[in-house]
Protein chains: 2
Amino acid sequence: MTVRTRAELAEVPGVASDRDAATRDFVFNHTMLRVKDPRASLDFYTRVLGFTLARKVDFEQAGFSLYFLVLVDAAAALPDADEARREWLAQQRGVLELTHNHGTEAQEGPVYHDGNSEPRGFGHICVSVPDIRAACARFEALAVPFQKRLSDGSMKSIAFIKDPDGYWVEIIQPAPLD
Amino acid sequence: MTVRTRAELAEVPGVASDRDAATRDFVFNHTMLRVKDPRASLDFYTRVLGFTLARKVDFEQAGFSLYFLVLVDAAAALPDADEARREWLAQQRGVLELTHNHGTEAQEGPVYHDGNSEPRGFGHICVSVPDIRAACARFEALAVPFQKRLSDGSMKSIAFIKDPDGYWVEIIQPAPLD
């Protein structure tokens with residue numbers, strides 16, 4: 001495994017030499033995943049992972065709904081009025097948007113593709129936790145399916161669980177495991 | 001279009017009534033996309049969108065490299081030492097991880113699936129900008145391909161550009177467009 005110093009990172013082919021001032025205040029705001037059944041997904045993301053449902057918008061005529069979730073310790077920071085919440089949300093990093101096309105929840109079997117078999121593309125989202133062993137023990141107790149347990153494979157410091165659509169959620173811990 | 005008050009959001013089916021204290025300090029850390037050619041992707045994400053390459057890890061024997069990018073106004077906050085940078089990165093929201101399987105850059109044509117045609121799943125990532133009209137004019141000047149211009153379709157306040165692999169990047173602005 002080879003890592004790079006900060007000075008070396010600036011020399012990696014393709015990396016721009018200076019940040020364009022026109023990109024100031026740009027924010028990597030959200031990632032959107034389609035979900036079959038919002039009830040199952042909301043249960044998973046709120047109960048299992050601690051997200052807060054911050055906004056829901058229904059487009060009845062077009063037949064879809066959007067759910068915006070945030071994983072913040074001060075959910076009280078969310079403004080009350082919908083328009084103020086929309087603006088607040090648009091300024092955050094790390095928002096998860098779930099799209100529900102009405103009716104998919106009644107279909108048999110999986111509806112969406114997790115991106116990790118052909119055709120591949122999207123790989124996973126990742127949640128960082130303070131204590132990965134405690135988090136994984138809790139996921140086991142909650143009967144959450146694992147794609148990779150801490151003990152599987154050669155990378156013993158990361159795990160992957162699966163959301164109700166089968167999307168992979170990597171679990172990491174900032175501090176090294178002792 | 002129907003929106004919900006904060007009180008109504010708590011009643012949406014599936015939403016957990018109380019956040020489990022065991023999820024305290026969980027962070028929605030990153031989203032991973034596979035890319036064909038890191039040189040093209042790094043150029044797009046650093047030069048066009050203002051991301052900083054914060055970490056690169058090469059797994060030579062396994063034949064892949066990981067690139068971690070952040071979109072922060074104070075790139076100087078990044079720790080110098082790689083291990084300290086790894087820990088810092090793992091505590092951030094809104095990290096973009098790009099996976100390069102060595103050799104794909106030499107393949108003809110597109111290598112990865114953007115998730116928006118069958119089989120669908122992942123939809124897009126989103127970057128929020130202070131001035132969407134100025135941002136879109138700059139993308140045009142930089143010859144960035146658009147999936148949807150501000151003027152296309154019925155939603156005149158959002159745009160979608162495409163990264164070098166064809167992944168959709170939604171562009172939004174927090175404040176309402178006048």
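**From one residue to the interface**

Mentor: A:Thr99 is found in strand β5 (residues 95-101) of chain A; strands are DSSP runs of E with at least two residues, numbered from the N terminus. The model is predicted, so local features need pLDDT of at least 70 and side-chain atom pairs count only at pLDDT 80 or more, whereas totals for chains, interfaces and linings use all residues. Residues are numbered from 1 along each chain as its sequence is written, chains are lettered from A and ligands numbered from 1 in the order in which they are written, and side-chain values use heavy atoms, with hydrogens and water left out.

Trainee: Does A:Thr99 count as buried or exposed?

Mentor: Buried means under 20% relative accessible area, exposed over 50%, and partly exposed in between (1.4 Å probe, protein chains only). A:Thr99 has 7% relative accessibility and therefore counts as buried.

Trainee: Which residues does A:Thr99 touch, beyond those up to four places away in sequence?

Mentor: Contact means heavy atoms within 4.5 Å. By that rule A:Thr99 touches A:Met32, A:Leu33, A:Arg34, A:Val35, A:Ser65 and A:Leu66.

Trainee: How is β5(B) joined to strand β4 of chain B?

Mentor: Two strands pair if DSSP finds at least two bridges between them. Strand β4 (residues 64-70) of chain B and β5(B) run antiparallel, joined by 7 bridges, and B:Ser65 has B:His100 as its bridge partner. With β2(B), by contrast, β5(B) runs parallel over 5 bridges; there B:Leu96 stands opposite B:Thr31. Of the 7 residues in strand β5 (residues 95-101) of chain B, 6 are buried.

Trainee: In what order do the strands of the open sheet of 9 strands stand?

Mentor: The order is β1(B)-β3(A)-β4(A)-β5(A)-β2(A)-β6(B)-β9(B)-β8(B)-β7(B), and the pairing is mixed. At the edges stand β1 (2-3) and β7 (146-148) of chain B; each has a single partner strand, so one side of each lacks a neighbour in the sheet. Strands β6 (residues 122-128) and β9 (residues 168-172) of chain B pair in the parallel sense over 4 bridges, with B:Cys126 and B:Glu170 as bridge partners.

Trainee: Which strand of chain B pairs with strand β6 (residues 122-128) of chain A?

Mentor: The partner is strand β2 (residues 27-34) of chain B, in the antiparallel sense over 6 bridges. Within this pair, A:Ile125 stands opposite B:Thr31.

Trainee: How many residues does the contact take from each chain, and what is the area buried between chain A and chain B?

Mentor: Chain A gives 94 residues and chain B gives 94 residues. Buried area is the accessible area (1.4 Å probe) that two parts lose on being put together, summed over both. Here that area is about 8,000 Å², with 55% from carbon and sulfur atoms.

Trainee: How many salt bridges does the rule find across this interface?

Mentor: A salt bridge is a side-chain nitrogen of Lys or Arg within 4 Å of a carboxyl oxygen of Asp or Glu. The rule finds 6 across the interface of chain A and chain B; one of them joins the side chains of A:Asp58 and B:Arg4 (2.6 Å, N to O). On the side of chain A that touches chain B, strand β2 (residues 27-34) of chain A supplies the largest share, 8 residues.
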